[in-house]
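Q: Please show me how to read the features of a structure, one at a time.

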Amino acid sequence: MKRLIYADNAATTKMSQAACEAMVRFQLENFANASQPYSFARNAKKALKESRQIIAGCIGANPDEIYFTSCGTESDNWVIKGVNCSTIITSPIEHHAILKPCAEVEKQGRKILYIPVNATGIVDTIALKQMVKQDSLVSVMMANNEIGTVQSINELAFIAHENGSLFHTDAVQAVGHIHINVEELGIDLLSASAHKFNGPKGIGFLYIKDGVKLNPLISGGAQELSNRAGTENVAAIVAMAIALQENIDNIDINSQWLLSLEQELLELLDNSGVSYVRNGDVRHIPGCISLSFAGFSGESILHRLDFQGICISTGSACDSKDTKISHVLKAIGLEESLAKGTIRISLGHTNTIEDVRIIAEALIKIVK
Ligand code: PLP
């Protein structure tokens with residue numbers, strides 16, 4: 001049987017064994033509704049509290065600033081639709097989980113402005129300074145999901161605050177992969193999703209700095225201090241906390257490993273003489289490698305790699321059915337023939353040197 005080589009970790013990750021086992025155990029043994037007053041619900045309530053503490057500790061927040069949501073998309077929608085600012089300033093390389101709600105609130109009269117980005121995907125801070133006015137929301141992703149570029153978050157947050165505005169970051173691709181301290185970075189709101197850091201799908205969180213006002217997106221019961229209704233998915237929350245803590249405990253070692261895998265892959269490509277462009281910035285999510293091959297179709301490279309058991313992406317996972325040039329590649333001004341031949345290899349910490357050699361060999365054969 002063909003060996004599966006999974007190199008699409010920006011789309012989703014394999015669950016941590018410990019998180020998965022805890023989730024199953026919790027689901028079977030502690031399935032009580034955490035809001036119930038009887039003693040059987042005590043474990044669920046305690047687990048919610050402990051998970052909130054663990055997650056807060058992983059990003060330098062206070063536990064009561066963590067609100068559980070169903071995914072990164074919900075966290076992003078909550079911010080864009082729940083904030084009271086009349087102007088939202090964002091970037092053209094955001095995930096659709098930001099861009100689509102922005103387009104919706106724009107139809108309702110909200111002003112939306114887009115900060116230009118340079119060729120490596122870094123937002124233009126001078127342009128931001130000119131755009132930002134009192135009572136705006138600045139929302140810029142911490143790390144891009146297609147090209148991996150990591151922004152200077154503290155600088156962006158500083159500009160927002162200097163002008164009396166709030167700062168949100170979609171950190172879905174960053175949480176568990178790079179060091180984050182919301183306090184030190186000056187973040188008011190941060191979105192995260194468990195399945196991007198070896199936790200389960202269908203669970204995420206939103207960090208809301210103490211004192212920041214956000215209208216609820218989902219109303220009903222009194223869960224999450226009446227700010228996000230719906231019976232808590234305690235088993236998934238427990239697993240999310242375990243997965244995040246595990247990633248944070250190993251963050252430096254994993255980063256070094258991923259950077260060494262990246263280097264191996266690029267060296268093999270360079271030595272083969274194939275011609276390619278690597279997209280993104282030197283400041284990027286370790287293991288996220290966006291490559292463009294002029295005159296090729298990213299789609300066809302994907303299918304030919306798939307035939308050999310290798311999973312990669314042509315761009316954003318959520319866009320993978322769409323053959324249009326991605327909005328991210330357009331925004332960074334990538335030439336059309338390169339943009340069409342773009343693939344994203346996103347390695348995870350469980351990938352091996354052998355995986356990378358097999359990927360490189362297969363890629364070289366296709367391109368040659
Ligand atoms: N934001 C970014 C940057 C993403 O990469 C993704 C998913 O790919 C999302 C938001 C949406 O997250 P979720 O899949 O948890 O809804």
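A: Let us begin with exposure: a residue is buried under 20% relative accessible area, exposed over 50%, and partly exposed in between, with a 1.4 Å probe and protein chains only. By this rule Lys 81 is partly exposed because its relative accessible area is 33%. This is a predicted model, in which local features need pLDDT of at least 70 and side-chain atom pairs count only at pLDDT 80 or more, while totals for chains, interfaces and linings use all residues. Residues are numbered from 1 along each chain as its sequence is written, and side-chain values use heavy atoms, leaving out hydrogens and water.

Q: With which residue does Lys 81 form a salt bridge?
A: A salt bridge places a side-chain nitrogen of Lys or Arg within 4 Å of a carboxyl oxygen of Asp or Glu. Lys 81 is paired in this way with Glu 104, and their closest N and O atoms are 3.0 Å apart. Helices (H or I, at least four residues) and strands (E, at least two) are DSSP runs, numbered from the N terminus. Lys 81 belongs to helix H3 and Glu 104 to helix H4, 23 residues apart. Glu 104 is partly exposed, at 38% relative accessibility.

Q: Are Asp 8 and Arg 344 buried or exposed?
A: Both Asp 8 and Arg 344 are buried. They form a salt bridge whose closest N and O atoms are 3.0 Å apart.

Q: Where does Asn 279 lie, and which side chain does it meet in a polar contact?
A: A polar contact is a pair of N or O atoms within 3.5 Å; within protein, one must be able to donate a hydrogen and the other to accept it, and residues adjacent in sequence count only if both atoms are side-chain atoms. Asn 279 lies in strand E9, and its side chain has such a contact of 2.9 Å with that of Ser 292. Asn 279 counts as buried because its relative accessibility is 6%.

Q: How many residues does the largest nonpolar core have?
A: A nonpolar core is a set of buried Ala, Val, Leu, Ile, Met, Phe, Trp, Tyr and Cys residues joined through side-chain atoms within 4.5 Å. The largest has 69 residues, and Phe 167 is among those with the most contacts inside it. Helix H9 gives the most to this core, namely 10 residues. A second, separate core has 28 residues, including Tyr 276 and Val 356.
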